[in-house]
Amino acid sequence: MIPTDWLGPQEWQAVRLSLRVAAAATLASLPLAVAVAWLLARRRFPGHGLLSGVVHLPLILPPVVTGYLLLVTFGTQGPVGSLLKPLGIVFAFRWTGAALACGIMGFPLMVRAIRLGFEAVDPKLEQAAATLGAPRAWIFVTVTLPLILPAILAGATLGFAKAMGEFGATITFVSNIPGQTQTLPSAIYALLQVPSGEGAALRLVLVSVVIAMGAVLVSEWLAWRMAARIEARR
């Protein structure tokens with residue numbers, strides 16, 4: 001157990017907000033990542049390469065550029081943000097904006113991992129189920145999805161870890177407001193700007209490492225359990 005007084009109130013606030021942002025970003029983007037991964041792995045269509053390029057664009061662009069594009073698009077004066085504002089949906093300079101930025105930055109990693117899972121599934125297994133008259137949706141749920149669960153967990157872990165460490169896009173889009181948009185990376189950056197902040201920054205770095213390693217270990221354990229169950233059913 002970590003003593004509650006090991007971190008200050010503002011530092012704990014950054015930890016809780018980072019976990020909230022990373023969880024929201026991962027859960028919100030995971031279904032779309034599965035759909036896009038399936039599309040890229042199983043279908044060939046005009047614009048296939050273009051879609052793949054757009055999906056992976058956040059990995060290539062500087063994070064600050066991605067954050068600026070989000071600000072221009074989803075800001076209160078932007079083409080999308082101005083439409084959402086009357087509905088009470090605001091992303092700029094809110095924690096939800098941080099989740100949006102983190103979700104977009106981690107999306108390519110999730111898609112890539114899940115796509116590899118789809119490509120590793122033997123099509124003959126799905127064809128065998130189809131010959132028995134099973135609908136496509138049922139085949140996906142009962143055959144394909146269980147086989148790619150380890151890949152989905154790997155993608156979710158990568159997305160979560162990326163969200164926990166995202167800095168450039170987040171600070172550009174939602175700034176660094178303590179208690180509202182200040183995540184762990186932003187808090188570490190802010191602490192390093194003051195002469196007496198190195199100790200607190202180091203403690204937050206250690207917390208980041210523990211959370212990231214914990215997420216990876218849990219994901220590996222779950223993937224191992226699921227792979228063992230799949231092997232036992234064969």
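Predicted model: local features only at pLDDT ≥ 70, side-chain atom pairs only at ≥ 80, totals over all residues.
Residues are numbered from 1 along each chain as its sequence is written. Local features need pLDDT of at least 70, side-chain atom pairs count only at pLDDT 80 or more, and side-chain values use heavy atoms, without hydrogens or water.

**Exercise 1.** Describe the packing of helices α1 and α2.

Solution. 
- Locate the helices (DSSP runs of H or I, at least four residues). Helix α1 spans residues 9–42 and helix α2 residues 48–60.
- Take the geometry. The angle is about 145 degrees and the axes are 10 Å apart. Axes are fitted to C-alpha atoms over the stretch in contact, and angles run from 0 to 180 degrees between N-to-C directions.
- List the contact residues (heavy atoms within 4.5 Å). α1 supplies Val-36, Leu-39 and Leu-40; α2 supplies His-48, Leu-51, Ser-52 and Val-55.
- Sort them by class. Five are nonpolar, two polar and none charged. Val and Leu count as nonpolar.

**Exercise 2.** Is Ser-29 buried or exposed, and what is Ser-29 in contact with?

Solution. 
- Ser-29 lies in helix α1.
- Check accessibility. Ser-29 has 9% relative accessibility, so Ser-29 counts as buried (under 20% relative accessible area, 1.4 Å probe, protein chains only).
- Find the polar partner. A polar side-chain atom of Ser-29 lies 2.6 Å from the backbone oxygen of Ala-25.
- Look beyond four places in sequence. Ser-29 is in contact with Gly-103, Phe-107 and Met-110.

**Exercise 3.** Characterise the stretch at residues 15–217.

Solution. 
- Read the record. An unreviewed UniProt entry places "domain: ABC transmembrane type-1" at residues 15–217. Such annotations may be inferred rather than shown by experiment.
- Take the composition. The stretch is 77% helix and 0% strand (strands are E runs of at least two residues).
- Check the ends. Their C-alpha atoms are 19 Å apart.

Technical notes. Buried < 20%, exposed > 50% of the residue type's maximum accessible area, 1.4 Å probe, protein only. Polar contact = N/O pair within 3.5 Å; in protein donor to acceptor, adjacent residues only side chain to side chain.
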